[in-house]
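Colleague: Hi, I've just opened this one and could use a quick tour. Could you put it on screen for both of us?

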Amino acid sequence: MKLTKSQREELKNKYGGHCAYCGDELGDKWHADHIEAVKRDIIHVGGGKLVSGEMTRPHLDTIENMNPACIPCNSNKSSMSLKSWRSLLTHYRDVQLLRDSTHARHLHRFGLIEIKSEPVVFFFEKYEVTA
Ligand SMILES: [Zn+2]
């Protein structure tokens with residue numbers, strides 16, 4: 001759904017102007033993320049490019065099902081559920097980071113980065129309205 005200017009403003013302030021997931025402050029460029037993905041048919045066009053088509057779950061296209069998200073979070077979450085995305089983030093940390101990044105391995109060996117073992121908690125899960 002296309003949000004009105006005031007709906008967009010309201011959504012942006014849902015968590016005090018922060019990304020619902022990582023907690024970064026949202027600037028002018030941010031996305032209205034569908035918490036439960038509306039999913040779109042993928043249309044293959046020339047050159048292997050993928051374009052989103054019609055929503056396959058249009059009943060989820062409501063403002064109640066939206067969270068304000070920074071662009072990196074929205075892109076990474078894509079159409080995953082929160083449960084799947086949380087598992088993926090945990091996998092990045094527990095499996096992929098030190099396996100796939102030589103730079104990270106060096107920094108880790110030198111004690112310059114620390115890998116925390118806490119569970120992945122999204123900003124909105126710990127957000128409390130204090131006003
Ligand atoms: Zn974010």
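Colleague: Which residues make the nonpolar surface patch?

Modeller: Leu107, Phe110 and Leu112 make it, and the patch covers about 340 Å². Patch members have over 30% relative accessible area and no salt bridge, with nonpolar side chains (Val, Leu, Ile, Met, Phe, Trp, Tyr) joined within 5 Å and like charges within 9 Å. Areas come from the Shrake-Rupley method with a 1.4 Å probe, and for residues only the protein chains shown count as cover. Before we go on: this is a predicted model, where local features need pLDDT of at least 70 and side-chain atom pairs count only at pLDDT 80 or more, while totals for chains, interfaces and linings use all residues. Residues are numbered from 1 along each chain as its sequence is written, and side-chain values use heavy atoms, leaving out hydrogens and water.

Colleague: Where is Leu112, and is it buried or exposed?

Modeller: Leu112 sits in the loop between helix H4 (102-109) and helix H5 (123-126). Helices (H or I, at least four residues) and strands (E, at least two) are DSSP runs numbered from the N terminus. Leu112 is exposed, with a relative accessible area of 61%; buried means under 20%, exposed over 50%, and partly exposed in between (1.4 Å probe, protein chains only).

Colleague: New topic: how much space lies in the largest pocket?

Modeller: About 450 Å³. A pocket is an open set of points on a 1 Å grid over the protein atoms alone, with protein on both sides within 12 Å along at least five of seven lines, and lining residues have an atom within 4 Å of a point. Grid points are joined across faces, edges and corners, and the volume is the space filled by probe spheres set on the points.

Colleague: And what lines the largest pocket?

Modeller: There are 20 lining residues, with His34, Val38, Arg40, Asn74 and Ser78 nearest the centre. Strand E1 (31-34), strand E2 (40-44) and strand E3 (50-55) each give two or more residues to that lining, and E1 gives the most, with 4. By class, the lining has 8 nonpolar, 6 polar and 6 charged residues. Here Ala, Val, Leu, Ile, Met, Phe, Trp, Tyr, Cys and Pro count as nonpolar, Asp, Glu, Lys and Arg as charged, and the others, Gly among them, as polar.

Colleague: What about phi of Ser78?

Modeller: Phi of Ser78 is near 50 degrees, a positive value in a residue other than glycine. Most residues other than glycine have a negative phi. Ser78 is in the loop between helix H2 (71-77) and helix H3 (82-100), and is partly exposed at 46% relative accessibility.

Colleague: OK, how many salt bridges are there?

Modeller: The count is 4, taking a salt bridge as a side-chain nitrogen of Lys or Arg within 4 Å of a carboxyl oxygen of Asp or Glu. One of them joins Lys77 and Asp33, with their closest N and O atoms 3.0 Å apart. Lys77 lies in helix H2 and Asp33 in strand E1, so the pair ties together parts 44 residues apart in sequence.

Colleague: Are Lys77 and Asp33 buried or exposed?

Modeller: Lys77 is buried at 0% relative accessible area, and Asp33 is buried at 2%.

Colleague: Which residue does Arg86 meet in a salt bridge?

Modeller: Glu125, at 2.7 Å from N to O. Arg86 lies in helix H3 and Glu125 in helix H5, so that pair ties together parts 39 residues apart in sequence. Arg86 is partly exposed at 25%, and Glu125 is partly exposed at 37%.

Conventions. 1 Å grid on protein atoms, 1.4 Å probe; cavity = no way out; pocket = protein on both sides within 12 Å on 5 of 7 lines; lining within 4 Å.
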